[in-house]
Number of protein chains: 2
Amino acid sequence: METKLQELKILLQEANDLASAAAVLNWDQETYMPAGGGESRARQLAVLQRLSHEKFTSAAVGNLLDELAPYGESLPYDSDDASLIRVARQQYDRQVKVPSSLVGELGSHTAQTYQVWTEARPANDFARLQSYLEKTLDLSRRVADCFPGYEHIADPLIDFADYGMKASSVRQVFADLREQLVPLVSAITAQEPADNACLLQHFPEEQQWTFGVDVIKQYGYDFKRGRQDKAPHPFTTSFGVGDVRITTRINEHDLGDALFSTLHEAGHAMYEQGVNPALDGTLLAGGTSAGVHESQSRLWENVVGRSRGFWVHFYPKLQALFPEQLKNVPLSTFYRAINRVEPSLIRVDADEVTYNLHVMIRFDLELALLEGTLAVRDLPEAWHARYEADLGVRAPNDQDGVLQDVHWYGGIIGGGFQGYTLGNILSGVFYQKALEAHPAIPNEITEGKFDTLHTWLKTNIYQHGSKFTAPELIERVTGGPLWIEPYIAATCTECRL
Amino acid sequence: METKLQELKILLQEANDLASAAAVLNWDQETYMPAGGGESRARQLAVLQRLSHEKFTSAAVGNLLDELAPYGESLPYDSDDASLIRVARQQYDRQVKVPSSLVGELGSHTAQTYQVWTEARPANDFARLQSYLEKTLDLSRRVADCFPGYEHIADPLIDFADYGMKASSVRQVFADLREQLVPLVSAITAQEPADNACLLQHFPEEQQWTFGVDVIKQYGYDFKRGRQDKAPHPFTTSFGVGDVRITTRINEHDLGDALFSTLHEAGHAMYEQGVNPALDGTLLAGGTSAGVHESQSRLWENVVGRSRGFWVHFYPKLQALFPEQLKNVPLSTFYRAINRVEPSLIRVDADEVTYNLHVMIRFDLELALLEGTLAVRDLPEAWHARYEADLGVRAPNDQDGVLQDVHWYGGIIGGGFQGYTLGNILSGVFYQKALEAHPAIPNEITEGKFDTLHTWLKTNIYQHGSKFTAPELIERVTGGPLWIEPYIAATCTECRL
C-alpha cells in the first residue's frame, strides 16, 4: 500500500505542479504581461489547465484511489495520508465529471475575457464584454450541468468554492444576516456619517507602499516566501508554501484603499504560508474553502486592522510618515474615519456593515443569470436597480457598476461571491475563539504584537491546509456550526453607531 | 493531408505552449521569485519541460511526420508549411533520442543549481556549487551520449545550439580568428589604453534606465509586445511573438554596463519580435541558432551602438540627462572610452576585440570538462590560469572568475558559448550586406533613424524565424558561407588602434 500511495502522490503532485504553473502565468498576466502577450497566454493557460485536469482525473488516479480507500480509512482521520486520500477522492469524484476539453475551453476563454476587461473597464465599455460574458455564462452552465440532480443550477458552483453549501443554505444565512444588518444600516445612515476627509488628502504612493509593507511584516507575512506587486485588482496567489504572493493597487487620494487591501491580501497569504510544509506540493497545501479563506483576510483587515488597539500602536507611525496630512488629525477622528459606515458604490472599498449588501447583490444577480431569468444585456441596468434598492446609490457608469469586480470576467459565473460574506461571519467566530483561549490578544495588538493571535490561527487553522472541509474545521475549532452573532456583535461597536 | 497537417500543428503547438509556460516560470525565477519559491519552482519546471518533451516526441508526432514527409517535399521549400514539417522532422529526430525522464531531471537539477548560484556567486563560494556542477556535467554527458557516433562528445551539444557546427569546425573558426586577434590585442595593449574615467562616475539608476529604454524604443523594440525588468544576469526570453521580454542590471558606477547590455538584449528581442506573426505558437517562431541570435544582439550593441554616428545623435541627449557628469566630456573622449580595448576579467563587460578571447577560454574549458581531462574541482584554478595566459589578468576571487556566467549553472555544460563568437563574426557579415543594399544607413544612424536597417533585418532575417538553418540563412543572405573579414575590419576602426 505504501508503494500505491507513493504512486498516487507522484501523479497528484504532477497535476498540482501544472496548476501552480498556471497560477504563475495568471499572476504574470495580471501584474507584468505586456498587452501583446494576451493571445498566446490564453493558449498557454488553456493547455496547462486542461493537462492538470487530465492528469488529476486520469483512470490511474481513480484506480489508485479505489485501491487505497480501505487503507486510508485504517489510518487516523486527521493524519496527512488519510486526509490526502480522502480529499483527493472528494475532488476526483467532482472533477472527473467535468470534461478536460471544457476545462481547457474555459481557461482559454476566461484568459481572453480578462484581457478584454482590463481595457473595457477603464473605457466604461460593457458592450465590448457582452458576448464574452454570454459565453462565460454558457460555459458556467455547462460546468454546472456536469452535476445533474442539483436543486439549483448554482449549487455545484457554490459547492466548488464552499464545500457543503448550496443556494438555499446560502440564502438562509444571508436572510438571517440581512434581518440584522438592514436595521443597523438604517440606524447608522440616519445619523451624520463620520468625517473621513482626513483619508481623502494626497498621500504619495511610495510612503503608502512602505507603511503597508511594514504592517504586514509585523503581522507575520513572510517576504522571504512571498512578495507584493501592483495589479489592477488586488489578489493573493500561491505557487507553493514557499511562494505566496499578494498584489495591491494604490490610490494617492484615498489612504484607505491600498492599506486595507494590503492587510486583506496579507490575511489570505498568511493562511497559505502557514500550511504545514509537509503538505507542500500536495492538493492539501491551500486554504480549505472560499469562506474560510475570506475569514482570514477579513480578520486581519477588519477585526484587527480597523480596531482601536491596532491604531494606538500604528497611528503615530502613520503620522510620522505623513506629518503634513495627519499631524492635526487626532486618533479618534482617524479611527472613526476608517470605520465610517456609508452606503457606497464599490464593494472592495465598502465598510464592514454594508459590505455584505454588496455581496448579496452579486450573489442574487449571478443566480438570476444562471437561472436564465436575467439576460447578460440587461445586467448593467439590473445592477444599478439593485444598488438603488438596497443601498440607495446609483453608479454614474458601468465602470463603477457591473464592471468593477474581476470575478465574472476571469472565471465562471456562480459561486464566486458568497464566500466573502461567509468569511465575514467566520472572522467573528474565529476571533472570538482566539480571545477565549488568549484574552491578552487585544492588549498585545495595542503594542503591535501579533504573535499570539498568529500562532493560534496557524495551530488551529492554517497548518491543516485543506485536510478538513470547512464544516469539519469550524466544528473542530468551535465545537459547533456557523453562527452569526460574534460577527454582528463586532460590527456594532460604539464607534460605528 | 490538410487534416493530418492540422493534427500535427495542434500537437506541436501544445508542446510549444508548454515550453513557453516553462519560459515564463524561468523569467519569473530570475526576476521576481522570492527565495522560498526555489524548491517548488524546480519541480514545476521539471514537469513542464518533461511534458513538453513527451508531447513533442510522442509516437503520434512521429507518425504524422512520416505521413506528411512527401507532402512537405511537394510544397515550395520556403513555404511555412514545408518549413514546419522539415524543421519539426529535424528537431524530432534529435529530441526523440533524449528520454523525457532525462529532460525532466535536467530541468529540475538546473533550476536548483541556478538558485544556489544566485547565492553562491555573491558569497564567492564555488565549493557550494561543486557537487551541483559535477551532476550537471554528468547529465550533460548523458545528453551527449544519446547521440552515439560523435567525433567529439561536445558535438551533439554544439549542434543543438548551432546546427551544423561541431567542436572541430568551431575550433577551426576560432583558430582563424585568434590568428588575427592576438596580434591586434598585442598592438593595442602596447599603447596607453583610452581614458574611460568619464564612464566610471556616479550615474543614478533611474536616468540610466530611462536613457536605455529611450534608445531601444528608437531602435524599434516594441514595448507593447515586451518589457524590461531587472535581473542578476541580463537575458531575453520569448513567450510568443507578442511577448518578448528583456532584463538588465544597473551599475551606478559604470555607465557602460546597463546601457550596452540593454542594447544587446534589445537586439535579441527585436529578432524574436520580428518573426512573421503567422508563425506564432509554432516551433518556427524563434531565432534559428545561437550564432545568428547573437549576431543581432552584437549588431545592435556594437556595430550600431558603439559607432560614432550613433553617438553623434545620442550623446547630446545623454549629456542632458547627466549634465554634471558629462558636460565637460567631449564626444571624442566619450567615444574612445566606450571603445576602449583592454584585457579584463568579465566577459559581458569586455570590449569587442578581447571579447572573443573570453569566449574561447570558456569553450576550451567546457570541452575539457566534457572530455574528462579537467575535473570540476580544478575548474576555478584552470579558469584563472587561462585568463593569465590569454589575457594577462587574474581575478582576485571566483566571483569574478568561474562564477561570473550563469550558463553552466542554469543549463547544460557544452554548446553554450561558441554562439557568442560566431555571432560577432556574423554581425559583421550581415551589416556589410545591409550596407551594400542601403548605403545611406550610416547617415540615417547619425540622425537617430534605424528604420532602414531594422526593415532590412526583418525582411532578410527576422521574419523567417527558424524556417531556415543558420547555414541556409547565411547562404540566402550572403550567397556564401561564413567569413570573418567584415568582422575583423569592423574591429580595426582607427579609433580602436
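The dialogue below discusses a predicted model and the terms used to describe it.

Student: How many helices and strands does chain A have, and what makes a run count as one?

Tutor: Chain A has 21 helices and 3 strands. Each is a DSSP run, numbered from the N terminus: a helix is H or I with at least four residues, a strand is E with at least two.

Student: Why does the radius of gyration of chain A agree with that of a compact globule?

Tutor: The radius is taken over C-alpha atoms, and the globule rule is 2.2 Å times the number of residues to the power 0.38. For 497 residues a compact globule would have a radius near 23 Å; chain A has 22 Å, and therefore the two agree. Along the principal axes, the C-alpha atoms of chain A fill a box of roughly 70 × 50 × 45 Å.

Student: What makes a residue of chain A count as buried, and what percentage are buried?

Tutor: A buried residue has 20 or more other C-beta atoms within 10 Å of its own, the C-beta atoms being placed from the backbone; an exposed one has 12 or fewer, and a partly exposed one lies in between. Of the 497 residues in chain A, 48% are buried.

Student: What is in contact between domain 1 and domain 2 of chain A?

Tutor: The bounds, from an automatic or database domain assignment, are 2–125 for domain 1 and 167–496 for domain 2. A contact requires C-beta atoms, placed from the backbone, within 7 Å. In chain A, 26 residues of domain 1 are in contact with 26 residues of domain 2. On the domain 1 side, α1 (2–31), α4 (80–95) and α5 (100–120) of chain A each supply at least two residues, and α1(A) gives the largest share, 10 residues.

Student: Which elements of chain A touch chain B?

Tutor: Contacts join 32 residues of chain A to 32 residues of chain B. The elements giving two or more residues to the chain A side are α1 and α2 (38–56) of chain A; α1(A) gives the most, with 8 residues.

Technical notes:
Residues numbered from 1 in each chain as written. Chains lettered and ligands numbered in written order. Predicted model: local features only at pLDDT ≥ 70, side-chain atom pairs only at ≥ 80, totals over all residues. Contact = placed C-beta atoms within 7 Å.
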